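Dear colleague,

Please find below the structure that I am handing over to you. My notes on what was found in it follow directly after.

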Amino acid sequence: MHFHHHGYVTGDPRRQAPRGNGVDRPAELPDEMDVLIVGTGPAGMITAAQLSQYPEVHTRIIERRLGRLEVGQADGIQARSVETFQAFGFADEIANEAYHITEMAFWKPDKENPDHIARASRPLDDEHGISEFPHLIVNQARVLDYFAEYMERSPSRMTPDFGIEFLGLEVTEDPDYPVQVRVRHVAGEGDGQERTVRVKYVLGADGARSGVRRSIGRTLEGDTAKHAWGVMDTLAVTDFPDIRLKCAIQSRSGGNILLIPREGGHLFRMYVDLGEVADDDAGRVRQTTLDDVIAKANAIIHPYTLDVKHVAWHSVYEVGHRVTDKFDDVPDDLTGQRSPRVFIAGDACHTHSAKAGQGMNVSMQDGFNLGWKLGQVLTGLSPEALLDTYSGERQEVAQNLIDFDKEWSTLMAKKPEELDDPSVLEDFYVKTFEFPAGFMTEYKPSIITGNTRHQDVASGYTVGKRFKSALVSRVCDGNPLHLGHLATADGRWRIYAFADAHAAGEESQLVRWAQWWKTSPESSLVRFTSAEGDDDALFDTKVIYQQRHPQIEINSVPEVFKPKVGPFRLTYLNNVFGLHPEQNIFAERGISEDGAVVVVRPDQYVAHVLPLTATEELAEFFAGLFIEPSR
């Protein structure tokens, strides 16, 4: 982020000045709005947080609950999510209070005494160094708190509207506000009052029993694994030596446990195997008492004991794997003929076991995917066709998650003697780590994801996958930085121009590209950036040279990499980089010595990879994605 360009900021620089709907924002839910989000879970809150950076868009988020979530059920934060938190400015803060998973222990029946369990292995959590971000455990409620703080500091001054229940909706032919949504106030002076609000777009992030999903006729399709688990967040006295390590525990006859330490040094979560569920069970297994779950846990960890002192939360559930066939309200026979008006995200459109730690993580990526798209359409930057990409991109990710979770949860439920190879569980965990870490998503070609014709010029930046950061040194101040960590959740597109071998100031292909990008009528920067406002309002354009930063003279760098910002038209110098002394980003990411242009979407996924000479292809890519502003 950069600040002080509008004048000196004496307070918290993260608290942006109110603009648009943030000025005199109505305290009560209005009769009309641009976006209504139903549900303040992870999917809803990240969408609202992203849209809070579009103060021209009137967004509200409603929740039947009367206030913030106090105890959340989700707690696993994968590295991709921490990477996302970096874009929203709170990765370091949440990491400081979270439990960090660095190893995982696997316990099995002791070969000498099979009635006892013994530690079999202790692999690193990320032994291949897939991400520089940590794997965290922290209560879902704290994640929501951080998004709420981000929203409140935004130009929109957005806060959730608590105490409002969703009742139903109808999509009409109204050209201005086509969705009519019925809601009921459940607290305060208006308790019991029902009303109808008119909305342009609705997001249902209201959980597995989603009312929004029912209103648009979507259903969760899938099955249950006929296996039950008891889960509890616990404070206990125990002699089990790995109580502060993530553990998969398999006993000979008592079943299995997945143990996850929680933040704070004392609390831990246990998923306790309750065994197969009979076909005629009719939900009776869900009546399993907490005492029974604790007794089962003690049987599994024998010869160790668990003296439970306090349980913060517990539940019993059956593993289910379900996903909807589409994440919006457009019928199959009308796909491509009309734009969606209603979307669903998170548990509203995919449910699975909790043991892979994916529910909150995948849900947040649903919302991150949709938020900037709604922002671009509603601010007139992009055509409505952009919204068609949401369902297709995220439905495939959800199905991949279901397939992965079926395999993982099935392995977790097996008895040791049922496994062909005794090490199959830990081998699967290590081999597939990239998937649960959140880095296997690969979007297919679309209007926002290009083809792979030129992938070889930057082989380490796979088109359709998330932009993987690397270390560089900033020229203006010599600071070593992670390039990808500088991309904030502000809705802008990132253009990374990797220079050819010529030094700054020499005639080169980079110089020719920079001149075209800044001045050509065909340049997307020229065509789609409003004449009013900052030069980098739409495209955040950075350059990375093949030389060390002391060899790069900032005054020799093309002007397009030094945008003019703010009312004083100050020059922003922080977009120029050289090689880091210990890591060559060109070698690390397979970037050609002839240079490359890497285009990255607002949600951090690589949209295109092109040579510096492919200016026509770059212009063509953005031509169908943006609308030229009226001048």
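How many helices and strands are there in the protein chain? There are 13 helices and 27 strands, where helices (H or I, at least four residues) and strands (E, at least two) are DSSP runs numbered from the N terminus. Please note that this is a predicted model, in which local features need pLDDT of at least 70 and side-chain atom pairs count only at pLDDT 80 or more, while totals for chains, interfaces and linings use all residues. Residues are numbered from 1 along each chain as its sequence is written, and side-chain values use heavy atoms, with hydrogens and water left out.

Overall form

Along the principal axes, the C-alpha atoms fill a box of roughly 75 × 60 × 50 Å. Of the 631 residues, 57% are buried (buried means under 20% relative accessible area, exposed over 50%, and partly exposed in between, with a 1.4 Å probe and protein chains only). Among contacts (heavy atoms within 4.5 Å) with a separation of 6 or more, 74% join residues 24 or more positions apart.

Cysteines

The whole structure contains zero disulfides, a disulfide being a pair of cysteine sulfur atoms within 2.5 Å. Cys349 is buried because its relative accessible area is 0%, whereas Cys476 is partly exposed because its value is 34%.

Helix H2

Helix H2 covers residues 79-88, and nine of its 10 residues are buried. Among the buried ones are Arg80, Glu83, Phe85 and Phe88. Their cover includes helix H1 (42-51), helix H3 (91-97), helix H4 (140-153) and helix H7 (359-378), together with strands S3 (76-77) and S7 (135-137). Just after H2, Gly89 takes a positive phi of about 85°.

Ser473 belongs to strand S19 (residues 471-474) and is buried, because its relative accessible area is 2%. Leaving out residues up to four places away in sequence, Ser473 touches a set that includes Asn479, His549, Phe577 and His580.

Is Lys465 buried or exposed? Lys465 counts as buried, because its relative accessibility is 18%. Lys465 sits in the loop between helix H9 (424-431) and S19. Apart from neighbours within four places in sequence, the contacts of Lys465 include Glu434, Glu442, Gln604 and Tyr605. The C-alpha atoms of Lys465 and Val600 are separated by 9.7 Å, although the two are 135 residues apart along the chain.

Backbone details

The peptide bond from His302 to Pro303 is cis, with omega near 25°, and Pro303 is placed in the loop between helix H6 (290-300) and strand S16 (306-323). Asp24, a residue other than glycine, has a positive phi near 55°. Asp24 lies in the segment before strand S1 (32-38) and is exposed, because its relative accessibility is 74%. Arg569 is not a glycine either, yet has a positive phi of about 55°. Arg569 is found in the loop between strand S23 (564-565) and strand S24 (570-571), and is partly exposed because its relative accessibility is 40%.

Yours sincerely
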